[in-house]
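Let's work through a few exercises together, with the model open beside you. Try each task before reading its solution.

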Amino acid sequence: MKPRDKKPRPDQDRTDQSLRQERERTDEEFSKKQDSIEEHADEVVQKARTHVDSSLKVSRAKMDERLAQSEAPQQERQSVASQRVHEDAALRHERAISDEKLREEREARKRALASLLQLERETTDQYLLTERGRSDEALAARDDFLGMVSHDLRTLLGGIAMRAAMLLRNAADDEVGQRTRKDAASIQHFTARMNRLIGDLLDIVSIEAGKLTVEPRPEDAILLVRETVEAFQPTASAKGISLDSEVARDSLLARFDHDRILQVLANLLSNAIKFTPEGGRISIRVEPVEEEVRFSVTDTGSGIAEDDLRRIFERFSQVLASDRRGLGLGLYISKCIVEAHGGRIWAESKPKAGSTFFFTLPGARTSG
């Protein structure tokens, strides 16, 4: 299968590779089977010829014995010998013609089968390309629709968030005002979650289309960690969780897209807060490791089973099947963002012993 364009299509590439491998195995097995059949047929022919040659040899030996007993003249014996030479030559010629005819029949059969197989595969490839074309058109229509709807939804959510902010600012200090502030804060919380969900869905569309873009530049990883801790400190404190950072220097340069890596840290911290009970602790660490900068987010939460660790970075995967807070896109998007930077991401955990999520980014050397 030849790709329709140069856009990254990992799912289609895996399908094409699997199809190629399956066809290669089929060709290999078919060739072995044909060789086995032909080898068996050759053995049968050879046995038949050996049997004929043996019978002919016995028959000639008996004739020679009779000629010797009858004291046939030398001329008759020479005539018999000459006849045998002609018979042997005719037999060899007949067998050579038979072998050549068999070889030609086998080659013709192989060409016919190869042509039939090629035609079947070309038809299959054409069907697959047609189906992919229709799928691409459907995905393009879906993406356009999702883009328009997400724009409208974000506009509406922005209006709701602005109204909630006005309610908070204008609420009275009495009991009714306190209830209004509480409700307005809930509205802001829900709109933020909805806005984040819309952003995740748009990121998934960009990833599937091969359009996820990052713009790495030299940035201070220490400042990014402090910014993240400051942003999530109120949420952690409200749940009774201690949140801090562990840094051993004032500055550490790395190459990354500030907003995208902030998104990764936000995903990791959100999960850590979600699965860490009251009284727990979350710590963010950043440090140089050879030519890279390594981030880590450690929590004292419920931990992750070993089987779940293998799939938590897959789309729509959630640690707990019963937990429906989100669609399970955050870690998958984080993985794609980190890999787009040339880094890697992984997790280490044990049930009831907390978890640590790591990811690396290319370091940035200072000039001079």
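**Exercise 1: Aromatic pairs**

Task: search the whole structure for aromatic pairs and describe how the rings of Phe-295 and Phe-359 are arranged.

Solution. The whole structure holds three aromatic pairs, where rings of Phe, Tyr and Trp (its six-membered ring) pair if their centres lie within 6.5 Å, and planes under 30 degrees apart count as stacked, over 60 as edge-to-face and the rest as tilted. Phe-295 and Phe-359 are stacked, at 4.6 Å centre to centre with 5° between the planes. Phe-295 belongs to strand S5 (residues 292–299) and Phe-359 to strand S7 (residues 355–362), 64 residues apart; strands are DSSP runs of E, at least two residues, and helices runs of H or I, at least four, numbered from the N terminus. Both Phe-295 and Phe-359 are buried (under 20% relative accessible area; exposed is over 50%, partly exposed in between; 1.4 Å probe, protein chains only).

The model is predicted: local features need pLDDT of at least 70 and side-chain atom pairs 80 or more, while totals for chains, interfaces and linings use all residues. Residues are numbered from 1 along each chain as its sequence is written, and side-chain values use heavy atoms, without hydrogens and water.

**Exercise 2: A second pair**

Task: find how Trp-346 and Phe-358 are paired.

Solution. Trp-346 and Phe-358 are stacked too, 5.2 Å centre to centre and 15° between the planes. Trp-346 sits in strand S6 (residues 345–349) and Phe-358 in strand S7, twelve residues apart. Phe-358 counts as buried because its relative accessible area is 13%.
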